[in-house]
Protein chains: 2
Amino acid sequence: MDFSSFLTSLGTSFVIFVVLMLIFTWLSRKPGNHVVYYPNRIIKGMDPYEGTRLTRNPFTWIKEAISSTEVDVIRHSGVDAAVYFVYLSTVLGILVLSGVILLPVLLPVAYTAEKKIAANETTSEGTFNELDKLSMGHIAQKSHRLWAFVVATYWVSFVTYYLLWRAYKHVSSMRAEALMSSEVKNEQFAVLVRDIPPLQNGQTRNEQVDSYFKAIYPDSYYKSMIITDNKVPNKIFSELEGYRKKLARSEAIYAGSKGTANPEGTRPTTKTGFMGLVGNQVDAIEYYDEKIRELVPKLESEQKIAMKDKQQSAAVIFFNNRVTAASAAQCLHDTMVDKWTAMEAPEARQLLWTNLSKNFYERLIRQYLVYFIVFLTIFFYMIPIGLISALTTLDNLKKLLPFLKPVLDQATVRTILGAYLPQIALIVFLALLPSFLLFLSKAEGIPSLSHAERAASGKYFYFSVLNVFIGVTVGHTLFDSLKTIEKNPDSVFNVLAASLPGSATFFLTFVALKFFVGYGLELSRIIPLIIYHLKKKYLCKTEDEVKAAWAPGDLKYGTRFPNDMLILTIVLCYSVIAPIILLFGVLYFGLGWLILRNQVLKVYVPAYETYGRMWPHMYNRIAASLLLYQATMLGYFGAKEFIYTPVLIPLPILTLVFIYLCTMKYYRFFQTTALDVACRELKDTPNMEGVLRSYLARSLSAEKGTDDFQFVNDLVHVSIVASMV
Amino acid sequence: MDFSSFLTSLGTSFVIFVVLMLIFTWLSRKPGNHVVYYPNRIIKGMDPYEGTRLTRNPFTWIKEAISSTEVDVIRHSGVDAAVYFVYLSTVLGILVLSGVILLPVLLPVAYTAEKKIAANETTSEGTFNELDKLSMGHIAQKSHRLWAFVVATYWVSFVTYYLLWRAYKHVSSMRAEALMSSEVKNEQFAVLVRDIPPLQNGQTRNEQVDSYFKAIYPDSYYKSMIITDNKVPNKIFSELEGYRKKLARSEAIYAGSKGTANPEGTRPTTKTGFMGLVGNQVDAIEYYDEKIRELVPKLESEQKIAMKDKQQSAAVIFFNNRVTAASAAQCLHDTMVDKWTAMEAPEARQLLWTNLSKNFYERLIRQYLVYFIVFLTIFFYMIPIGLISALTTLDNLKKLLPFLKPVLDQATVRTILGAYLPQIALIVFLALLPSFLLFLSKAEGIPSLSHAERAASGKYFYFSVLNVFIGVTVGHTLFDSLKTIEKNPDSVFNVLAASLPGSATFFLTFVALKFFVGYGLELSRIIPLIIYHLKKKYLCKTEDEVKAAWAPGDLKYGTRFPNDMLILTIVLCYSVIAPIILLFGVLYFGLGWLILRNQVLKVYVPAYETYGRMWPHMYNRIAASLLLYQATMLGYFGAKEFIYTPVLIPLPILTLVFIYLCTMKYYRFFQTTALDVACRELKDTPNMEGVLRSYLARSLSAEKGTDDFQFVNDLVHVSIVASMV
């Protein structure tokens, strides 16, 4: 990529960003769009403009975002969102503090060096632009100026240590604060128990669980809820829900058709066959009504069957105080680890019901199988990505597809394609992956959605770093100069280090595209807006359907975060080699912080709350990026034949010690709840019946009055516990 | 070593063994020796011959040992001793089951092979004796007969897996049984808490600890006992004890001197200076009496100072039920792992008092420092041991010390020296080490003696295997043929494999010496017997002194076990290469089982009880030996140029999976107490005051009546707990 296509790319991205900003300013004021731009507030029953005047100033949202506090974020989107902002601001801090020293020091040192850069070492593939003079490539081998870069390498590392340590401490106290809350949170009274041993001599599952836990916790055990296999009731329930929706829709159509022209209205019809497309034509309202009447008793009988005969080897156990629940989740109950395994119950809304009854060894085997599949995925994608990145240089395209030559020879096409083609290929490619990885993570037998998303996000991170960063960088070099590498088959870090300068402008454009176009789209919500209006106009007939059309979803940090990490890894690894990338990094994380702050306060609604359990993952991955950066720098200084390179060896060791200490000190509290936190006073005595009811599967509790006590007793064996509320 | 010196060595060992057995039979019947041969029974107030008739049959003890059950062992010497027997019988089982297949199959296969053995491959250093024909060395390279040895390698491994799995299960249930006991065991009601944060605003340590734990465990918290710095009272207390002993002794001497000849008696005198050797001559009884009168008030005031002003950041916390104590020991209390760290309280008698107040990071640093020192120890001893083993072949001795030539040329001297010199050097060498390693382990900051002994035993194991086994084997080869190794610098396993045959007879004699002489000395207790009689005759004046003279001590499995493991490692590694070693192994562990069974039932008195916490270490080390064996076999088959060697590759992987599964399933229960076990009914309500009192340091509780309630209150802040007994 030459310098002009680099500038074109930057310019185009910026123009797109400005246009999207203008669109946002214009559209977000129209009251008809408020459900797209302020759904979080609307769902909470707040006024979209609460707390601010609707001025004509298009930058109000920026002021609001900046002035909002962590407490606001927690109130609107929970602790998890606040932790994500700790992540963003920590990374931003690292990049800013690094930049403050690195830019004014390294750029002059590099620029004033007197070396003629060799063609294969430039960041511009031989076009010798000004950017090259600002990079470490401009320093001669063995030069004493490299000392400045050594110091810079240390500086970046120490800044990272300091800010990471502070952030871990901060998140830990934030988590403690949230868990200490005097509000009754149902999941704090529950423990998920799996691997319950087989029943013996005529005991029921309920008796078994009750007698086991009552012996251990005579005073605090409340009741248990056995996990059941709900496949059949679930299916009937969703059919039932479907018919109800269709009924409501038909009634709305019928009501809508009663115009002045047709005061009787037209009764809608449907066909009884597949998807309402084939079969007999019938009156829709009557047909759905009848179907619902048929299914309700069927569901009820299936509910009973599930509760009685399909009990699994897992249960949710309820305690009447938080300390016992927190302590039970940490303790070994049976002498064998593979029996009566207890863990903190996830929130009811994020339980992965079908995974709960998978037994210990099945989970273990599934886990390793999934790891193996992920390993294969990561390393087989290497090949296509490498090919794509190598093929999509223009010259290669012309060579491979000569019929495209006349098109590619036009200057504008050349510039635009040269600027975007590789990046777009990469982004599309990556978009396919997250759902596959989430599917795999769920298949591991993980009991909660949040945990599965964390697991998927981890896999995605390793995928991105290995494939996109290392893959593109090394793939590039491999294609360019297979011979050179063959001659000195060094370690992977050396190859990586040698390949880095060649890919610098690629990654600069990649980062710029991500933040200008990515965050522009994020803020303007063009796509959700169009979808919402289309749906509203052509599909939605009932109030519920309209609501579903604008439902904002959650922040999806499961995929958002690995993408951020990829950027951070790239920026860190280039930070000393081509410090100019720090500017791009600061822009990415700064814009990200600003725009997502707006989205979190006004748009997204969290799907679950884990009280910051994502943090240790974030921490680990930042630390992993730091390690990669340090290893790369070792390789790069080696390639510069700098004889004092070994002064960098303490760095990765220091990082490992740092990771060890941090993890040891802070991590355990993210796995379990500290008793000191759980023992804080509650505002009200918990309503245990309500706590328990919140864990009933919807398909089992449907069609029951909310105070049908007999029903709950069917499901949950009543234990007469002295302390029962 | 040639064949005749091998036979001489075996013969001599056997003769010594027979002599020691006869001595035992003869001496153990004399009633005056009963305190040496039956101390365990005598201390328990039992008749030495309880349950047996004193017949003239010298093999009664064998019958008794064989017919004793595990329950007997637990009753006489606790669960730890029983676990040691599980270890012995598991290893015995492995060797017997291996031998049953390997000896009848491999010996004929090897013997009938038609290969002429090369001089450097024999087990006899070129003397071509019959033993060589029974080893794998007799099989030609690439021979198909090697398949039999491959199968044998698998057989030994699978036998080990099976028996280890069974043993782990058995020990686990034994531990559970013991912990479920309906007897009140003080330590089951206590939790050791360390890293208590610094005091704030005028709180006392007692208030701090009480308020912290009462908030978390309002119903089950009883009281706490703050750990104090007892250096001064300890010193005064031991001085006091010393003077008391001396007083008793002087009084006994005085009473003894009142014979018919001298009805008044002679009052003994002493000198007031250093060790009673210099200074003024004074009347001993009066002098000691005065000293005691001086020290008692001094001790009391120092006790008060220690209790008030020298409280440390650690405490023993008492709960009024076992479940809460077991659960508290497993839970995270503070959000930071380095504060309020809780663990199961060790028995009071095995607390390493001075280690309790060491803080989290000090412990961490000490631990790694000790690991580093141990690492240095292991690798610097390599050099001397290698030299000893290389130098002590006769030919080398003659070359290096030519003036010894006339002596060494005599046939008998040659034979005996050749047979014993290297082994004796080795055994003496190893005897110096255990106390150093125990010292190091205590310096790690470990809170209990049993844990420190386990840690020392682990270090000793790695030392033995690395230095004695690998060191001797490889050292031997290194000295013999440094050139050969230089030519093909393979992995350590290949070197080891190549060196094994050359050391086979060395190790055969080593094992035989260990079991014949070692166990002969063990059973006959010649040395304790002589020391006891000498002391009794010349030193002991009072009843207490006599008791101290025959105090049997405990089994000391901390050093016994690593020695056994060394033998097991040697036997396993040679099991397929020279199956004849299995006979020696079976003899070692069979004799060991028999003789130690006798000692455990009649002699040794356990110093502490850990309910089998040693087992996971035993398990891990057997598994480690198995891994070493499999790696060695891989190397050895490789050296035989057997092209199907890779069929052995699954074995070490299988072992790793096996270790992983076993450890995951069983290990956690050995770290903590399962709640299901802790919740069993107790026979009596525990006397909490007594439980607490059992943890008082002797130097603090001395000079107080046992029911001085006020005193306990000084020490332990009284908490008015509703459920107080």
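# Contacts between chains, domains and helices

Student: How many residues of chain A are in contact with chain B, and how many residues of chain B with chain A?

Tutor: This is a predicted model. Contact here means heavy atoms within 4.5 Å. By that criterion, the residues in contact number 35 on chain A and 35 on chain B.

Student: What area is buried between chain A and chain B?

Tutor: Carbon and sulfur atoms give 66% of this buried area. The area between chain A and chain B comes to about 3000 Å².

Student: Where do the domains of chain A lie, and how many residues does the contact take from each?

Tutor: Domain 1 of chain A covers 3-182 + 361-677, and domain 2 covers 233-302. The contact takes four residues from domain 1 of chain A and four residues from domain 2 of chain A.

Student: Which three residues supply more than any other three of the area that domain 1 of chain A buries against domain 2 of chain A?

Tutor: The area buried between the two domains of chain A is about 340 Å², with 63% given by carbon and sulfur atoms. On the domain 1 side, three residues supply 88% of the area buried against domain 2. They are A:Lys541, A:Thr542 and A:Glu545.

Student: Are α9(A) and α10(A) roughly parallel or roughly antiparallel?

Tutor: Helix α9 (residues 231-257) of chain A and helix α10 (residues 284-309) of chain A have axes that come within 9 Å and cross at roughly 160 degrees. Angles over 145 degrees count as roughly antiparallel. Therefore α9(A) and α10(A) are roughly antiparallel.

Student: Is the crossing of α9(A) and α10(A) left-handed or right-handed?

Tutor: The contact of these helices has 17 nonpolar, one polar and eight charged residues. As for handedness, the crossing of α9(A) and α10(A) is left-handed.

Student: Why is α5(B) described as roughly parallel to α24(B)?

Tutor: The axes of helix α5 (residues 70-111) of chain B and helix α24 (residues 615-639) of chain B come within 10 Å and cross at roughly 20 degrees. Angles under 35 degrees count as roughly parallel. So α5(B) and α24(B) are roughly parallel.

Student: Which residues of α24(B) make the contact with α5(B)?

Tutor: The residues of this contact divide into eight nonpolar, no polar and no charged. From α5(B) come B:Val83, B:Tyr84, B:Val86, B:Tyr87 and B:Val91. From α24(B) come B:Trp615, B:Met618 and B:Ile622.

Notes. Residues are numbered from 1 along each chain as its sequence is written. Chains are lettered from A and ligands numbered from 1 in the order in which they are written. This is a predicted model: local features need pLDDT of at least 70, side-chain atom pairs count only at pLDDT 80 or more; totals for chains, interfaces and linings use all residues. Side-chain values use heavy atoms; hydrogens and water are left out. Axes are lines fitted to C-alpha atoms, for helices over the stretch in contact, and angles run from 0 to 180 degrees between N-to-C directions. Helices (H or I, at least four residues) and strands (E, at least two) are DSSP runs, numbered from the N terminus. Angles under 35 degrees count as roughly parallel, over 145 as roughly antiparallel, 65 to 115 as roughly perpendicular and the rest as oblique. Ala, Val, Leu, Ile, Met, Phe, Trp, Tyr, Cys and Pro count as nonpolar, Asp, Glu, Lys and Arg as charged, and the others, Gly among them, as polar. Domain bounds come from an automatic or database domain assignment. Buried area is the accessible area (1.4 Å probe) that two parts lose on being put together, summed over both. A crossing is left-handed if the near helix is turned anticlockwise from the far one by less than a right angle, and right-handed if clockwise.
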